[in-house]
Amino acid sequence: MRLAFILSEIGSGLRRNLSMVISVILVTFVSLTFVGAAGMLQMQINQMKGYWYDKVQVAIFLCSEGSTAAGCAGGPVTPEQQESLNALLESPAVSQYINDFQFESKEEAYKHFKDQFSNSPIVDSVTPDQLPASFRINMKDPEKYQIISETFSSQPGVETVIDQRQLLERLFSVMNGASLVAVGIAGVMIVCAILLIATTIRLSAFSRRRETGIMRLVGASKTVIQLPFILEGVIAAVIGAALASATLWAVAHFFLGEYMSQQYPDTAFISSGQTLILAPALIILGGSLAGISSLLTLRRYLHV
Amino acid sequence: MPCRVLRAMIRFENVTKVYDQKARPALDSVNLEIDRGEFAFLVGASGSGKSTFLRLVLKEDRATSGAVYVAGQNVAKISSWRVPRLRRGIGVVFQDFRLLPQKNVFANVAFAMQVIGKSRSVIRDTVPEVLKTVGLEGKEHRMPHELSGGEQQRVAIARAVVNRPGILLADEPTGNLDPTTSMGIMGVLDKINQNGTTVVMATHDDDIVNEMRKRVVELKNGVVIRDEARALYTSIIPVVGQSRRLKDASGRDDDTENRLPGEGEAQR
């Protein structure tokens, strides 16, 4: 009974304050979309880093069957060549610059490739044969990349030596910058949302002061008096958060999934499914912000 | 002593209430006892402390010193989350009715039961019964604006007593009504009192007080200057048990002497 009563109170409150409620929904929607966009950019960065990015800095790709590089004129790498490269890596001349290194076979390369490009159509057209085996090197000092490159580029059986960081670092710094901007805008918008929720709840409490006055006199508990107001703010914010989540999903699905992955088939994009893990976080964030700001407002403006 | 406390529905022990340190107290060491089932009028000019008295009973305000007991409980010792329970035991009626304009008669009365979580079936049974007690049977579906002032006040009384409180506080319930309608309202309050509810009514209406012949407590400048059973609105000879207080009060008469007798109580 009390629940039904509280629900009907919430309904009438939302109806009475419809324009304010809509503005709360829109402001939380926009602010949480920016929060979510920052989250999505970070997820995208992780996706692009792939399996090796955080573990190693330099990759020595070995010749495979289709290699066209000058060093691969002698065909795919032979076990002897691979053995001598391994020995060279372990020799004191080189090992003083590196922490450790790992060998990635064609099969392992295929496995990691599949993980990274799981959302991309390219994954179906690649076989383990097409992927080169490689040595992945964790440098003591990533700046010494040049030494490794000079030492190994001319070795037989080496297709190319790549400093992965250099390739992606610049892109990542742009994306990190973009997420900082998104977080900044989100912060301002969240302040707006909190203030707007507080104002809305205050108006709502004022327009229903007759009811709350009577509720107080007949001995309604604090919960019964306050809960409708708090839930009013929370419901509006949660609707805004749900809209933000849907927007992020749509961006991942239609923009990244259908447009960008066609334009840039060799880049790994996050899937629309992955953005859904942001949804509960956004909803909890929106709901708790609204709850706290409503509660603080009521403490001041609703005498219980 | 505990037995006396229990017999008294409302008991003020040396209660002083100061709103403003510089002004005189709104209530000045008031000792008063209103027994279970009693009907008492609280009379006095505006600013004499009637409303403060009612607010202290409801724990809307806290006494500056002294103790207020309601149904044997010291209200100062009731924690804030249990205040609603105290208020469920007290019905309140105002001069301005305070009905919800967008709800009909039934819904206005039912509201008092809904907010404390009474079940729908109990509400369906109780509300018509209470409306009958106040003489409004058959008007369940009227809206407040379709009712006369007297009928609106009956709705307000029905709402105040629907949860069967032990005490009914009425703050000038007839202040907005004509004499005939007022007598009707008094009949309702008397009926509720006959059913065992303690009624405390603050009023300026001398005709009603003279007609009812109930206990009269007269306040002046926050001091009880008269407490008489079966009394009139004005006493020919002020009879006060505590003569010291009478002297105190008469010494400070001047500031209220100029007030109009019918002046309304300050609204909260």
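This is a predicted model: local features need pLDDT of at least 70, side-chain atom pairs count only at pLDDT 80 or more; totals for chains, interfaces and linings use all residues.

User: Switching to the open sheet of four strands in chain B. What's the order?

Analyst: The order is β2-β1-β4-β5, with antiparallel pairing. On the edges sit β2 (27-35) and β5 (73-74) of chain B, each pairing on one side only.

User: How many bridges join β4(B) to β5(B)?

Analyst: Two, and the strands run antiparallel; β4(B) covers residues 65-70. In one pairing, B:Val70 has B:Gln73 in β5(B) as its bridge partner.

User: Which helix packs on that sheet?

Analyst: Helix α2 of chain B, residues 50-57. This helix touches β1 (8-17), β2 and β4 of chain B, and its direction makes about 120° with that of β1(B).

User: Now the chain contact. How many residues does it take from each chain?

Analyst: Chain B gives 18 residues and chain A gives 14 residues. On the chain B side, the elements giving two or more residues are α3 (83-88) and α4 (105-114). The largest share of that side comes from α3(B), with four residues. By class, the chain B side splits into eight nonpolar, four polar and six charged residues.

User: Say I click on B:Pro84. Where does it lie?

Analyst: B:Pro84 lies in helix α3 of chain B. It has 22 C-beta neighbours inside 10 Å, so B:Pro84 counts as buried; the cut-off for that is 20 or more.

User: What is B:Pro84 in contact with, leaving aside its neighbours within four places in sequence?

Analyst: A:Gly219, A:Ala220 and A:Ser221. Within its own chain, B:Pro84 is 9.8 Å from B:Lys59, C-alpha to C-alpha, and those two are 25 residues apart in sequence.

User: And α4(B), how many of its residues are buried?

Analyst: Nine of the ten, so α4(B) is largely enclosed by the rest of the structure. The buried ones include B:Phe106, B:Asn108, B:Phe111 and B:Met113.

User: What covers the buried residues of α4(B)?

Analyst: Helices from both chains are part of the cover: α1 (2-16) and α8 (209-217) of chain A, along with α5 (120-133) and α6 (149-161) of chain B.

User: Over to chain A then. At what angle do α2(A) and α7(A) pack?

Analyst: About 160°, with the axes 8 Å apart; α2(A) spans residues 18-49 and α7(A) spans residues 164-207. That angle makes α2(A) roughly antiparallel to α7(A), since anything over 145 degrees gets that label. The crossing is left-handed.

User: What's in their contact, by class?

Analyst: The contact of α2(A) with α7(A) has 27 nonpolar and seven polar residues, and no charged ones.

User: Last one, how many helices and strands does chain B have?

Analyst: Ten helices and ten strands. Of the 268 residues in chain B, 44% are buried. Taking contacts in chain B between residues at least 6 apart in sequence, 69% join residues at least 24 apart.

How values were computed: Residues are numbered from 1 along each chain as its sequence is written. Chains are lettered from A and ligands numbered from 1 in the order in which they are written. Two residues are in contact if their C-beta atoms, placed from the backbone, lie within 7 Å. Ala, Val, Leu, Ile, Met, Phe, Trp, Tyr, Cys and Pro count as nonpolar, Asp, Glu, Lys and Arg as charged, and the others, Gly among them, as polar. Axes are lines fitted to C-alpha atoms, for helices over the stretch in contact, and angles run from 0 to 180 degrees between N-to-C directions. Angles under 35 degrees count as roughly parallel, over 145 as roughly antiparallel, 65 to 115 as roughly perpendicular and the rest as oblique. A crossing is left-handed if the near helix is turned anticlockwise from the far one by less than a right angle, and right-handed if clockwise. Two strands pair if DSSP finds at least two bridges between them. A residue is buried if 20 or more other C-beta atoms lie within 10 Å of its own, exposed if 12 or fewer, and partly exposed in between; C-beta atoms are placed from the backbone.
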